[in-house]
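Open the structure in your viewer and keep the selection panel at hand. The stops below say what to select and what is there.

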Amino acid sequence: LVISIWNRMALLQNLVVFNFWLCFTYGFEILTDENYNEFIQFKNKTVVIAILVRNKAHTLPYFLTCLERLDYPKDRLTLWIRSDYNEDNSVEIVQRWLSEWAGLYHAVSLELQPSPPHHLPGELGPAHWPQARYSHIIGLREQALAFGRQSWADYVWFLDSDVFVTNPRTLHQLISKNHVVTAPMLRSDGLYSNFWCGMTDEFYYLRTKDYEPILNRQRSGCFAVPMVHSSVLVSMQTTQSDNLHFDPQLVEGYNGPHDDIITFARSANLSGVPLFVCNDQVYGYVMVPLEKDDSLDYDKLQLTNLKVEIMVDSSPLPVSDLLESFTSVPQPDTLGVDRVFMINLRRRPERRQRMEQCFAELGVRAITVDAVDGRELTDAMLEEMNITLMGGYTDPYHKRPMKRGEIGCFLSHYSIWKKVVQSGDEVVMVLEDDVRFEAFFRQKVEALLDELKSLALDWDLVYLGRKRLQEQDEVFVPGSKMLVRPNYSYWTLGYLLSQSGARKLLAADPLGSLLPVDEYIPILYDRHTEEKWKANFPVRNLQAFSAEPLLIYPARYLHEEGYVSDTEDSPQVSLPRDDL
């Protein structure tokens with residue numbers, strides 16, 4: 001009885017204190033759900049991050065750096081990591097990273113198998129997937145799913161170690177979608193991504209018309225799709241999630257192939273669980289998977305492709321000081337030509353920086369040429385250089401005279417032509433600072449130069465990038481797999497130039513009848529459509545070719561976000577013309 005009275009008095013005292021606090025805080029208002037939620041702070045959801053590592057020494061420094069930079073409380077995260085059958089030092093990298101970071105996470109479940117063995121039974125190489133490999137991966141993923149359930153995690157995030165989650169808010173964003181299964185859309189250096197929009201009757205990949213609008217973010221949001229993979233967040237808080245599996249034997253009614261991601265997708269479909277891919281933000285990137293006979297060295301080249309592509313829209317892929325020693329870039333050279341020139345306006349330092357970062361990844365030693373800034377060109381300066389505008393020239397599309405930016409662009413290229421002649425260089429490469437490099441750029445340039453040599457072509461200029469204006473009659477050079485004779489083309493994004501080509505471009509005296517450089521070059525190889533303009537240059541014997549497919553493209557196109565044209569965004573010129 002005494003204990004009961006004492007408990008009641010303690011309870012009454014606590015209620016008095018609590019009510020006093022409420023009165024002080026809310027001015028004697030009655031507590032409601034709304035003001036209750038103002039001072040109640042819920043903990044972040046608990047997440048198990050399931051990571052499989054095999055032969056990923058080249059991606060791990062970037063993968064783990066992105067992982068450590070996630071803006072999510074690490075004490076609410078458990079790492080589940082398995083690694084085996086490696087031919088590289090993946091295990092060493094994981095151990096080095098965990099030595100620094102493991103203590104910050106709630107827990108780490110770790111199994112690292114030493115190698116050898118390097119291969120599972122029946123494997124012919126690192127990219128070969130026999131039945132035994134599928135069974136092994138299925139077992140590991142099922143273990144991770146069971147671990148999440150047994151540890152009462154709110155979520156399990158299946159995250160491949162060749163995924164780079166560059167958006168630090170990714171986990172917060174995915175959880176906020178409140179789906180059972182959610183994947184952030186990931187870009188690659190091509191059309192590959194971590195979702196499907198279609199599936200065949202045999203449950204394999206099917207490209208549909210919905211795929212590219214989602215991939216290119218022309219449609220934005222979260223979309224129910226038949227397949228997600230590589231980065232998949234699974235909510236364990238719903239009863240439906242109990243039916244999700246990677247093991248075909250655990251899925252009632254499954255009649256698909258022996259495949260982990262297809263089994264998971266079908267288990268979701270059979271359980272009425274939609275799979276969502278979200279592209280409302282830029283979340284990160286994914287490597288293109290290897291084909292059966294590809295090597296690990298080939299995958300390293302693919303990593304270079306992706307790192308260069310990422311820099312078109314974003315900062316370089318980050319790597320921590322801890323792991324930087326595990327990364328490498330090629331020793332720089334000039335790609336088999338005498339010199340590589342890159343034209344850049346000094347007031348565009350961000351472009352210069354991006355190109356220098358791309359060159360570092362590609363192993364290119366380039367000379368930066370300060371572009372002639374059209375904004376700074378005065379009429380007096382142009383007259384002093386004896387520049388005369390071509391009579392009768394108007395822009396074919398905008399019906400306007402030349403702009404000062406176009407003159408600056410021409411003079412920038414002109415200065416390089418002069419350097420080539422003065423130095424005696426046999427072959428150079430000229431690049432502008434707003435280009436996007438095609439995948440395997442270095443290897444394709446080497447192959448192109450080899451073909452020019454083996455065919456013994458008499459050539460002056462080879463376009464690496466251009467805007468085709470007339471494609472119908474372009475044909476491949478006999479015996480060539482990479483070279484066509486170009487018709488009328490725009491843009492001077494990049495090109496190879498020989499000593500003879502530089503001499504011909506200068507000998508035609510273009511400053512005495514000036515027009516834009518991408519109009520001038522087609523005139524000299526006699527494929528321009530304007531006969532009156534061609535008449536100003538009677539010697540039109542430039543031997544021009546073009547890479548096909550092209551090796552570089554514009555980093556931005558007109559009307560795309562971030563597009564800037566320093567030639568268009570400049571005033572027109574009022575200099576005398578050669579017809580006046």
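Select helix H9 (residues 296-313) and helix H10 (residues 349-362): they pack at an angle of about 180°, with their axes 10 Å apart. Axes are lines fitted to C-alpha atoms, for helices over the stretch in contact, and angles run from 0 to 180 degrees between N-to-C directions. H9 is therefore roughly antiparallel to H10 (a word used for angles over 145 degrees). Helices (H or I, at least four residues) and strands (E, at least two) are DSSP runs, numbered from the N terminus.

This is a predicted model, where local features need pLDDT of at least 70, side-chain atom pairs count only at pLDDT 80 or more, and totals for chains, interfaces and linings use all residues. Residues are numbered from 1 along each chain as its sequence is written, and side-chain values use heavy atoms, with hydrogens and water left out.

Next, show the side chains between these helices. Thr304, Lys307, Val308, Met311 and Val312 of H9 meet Arg354, Gln357, Cys358, Glu361 and Leu362 of H10 (contact means heavy atoms within 4.5 Å).

Now move to the sheet. Its eight strands are ordered S3-S2-S1-S4-S11-S6-S12-S9, in an open sheet with mixed pairing (two strands pair if DSSP finds at least two bridges between them). At the edges, strand S3 (107-112) and strand S9 (222-225) each pair on one side only. From one strand to the next, the twist averages 20°.

Select strand S6 (residues 181-184) and strand S11 (residues 231-235), which run antiparallel and are joined by two bridges. Thr182 stands opposite Leu233 in S11.

How values were computed. Angles under 35 degrees count as roughly parallel, over 145 as roughly antiparallel, 65 to 115 as roughly perpendicular and the rest as oblique.
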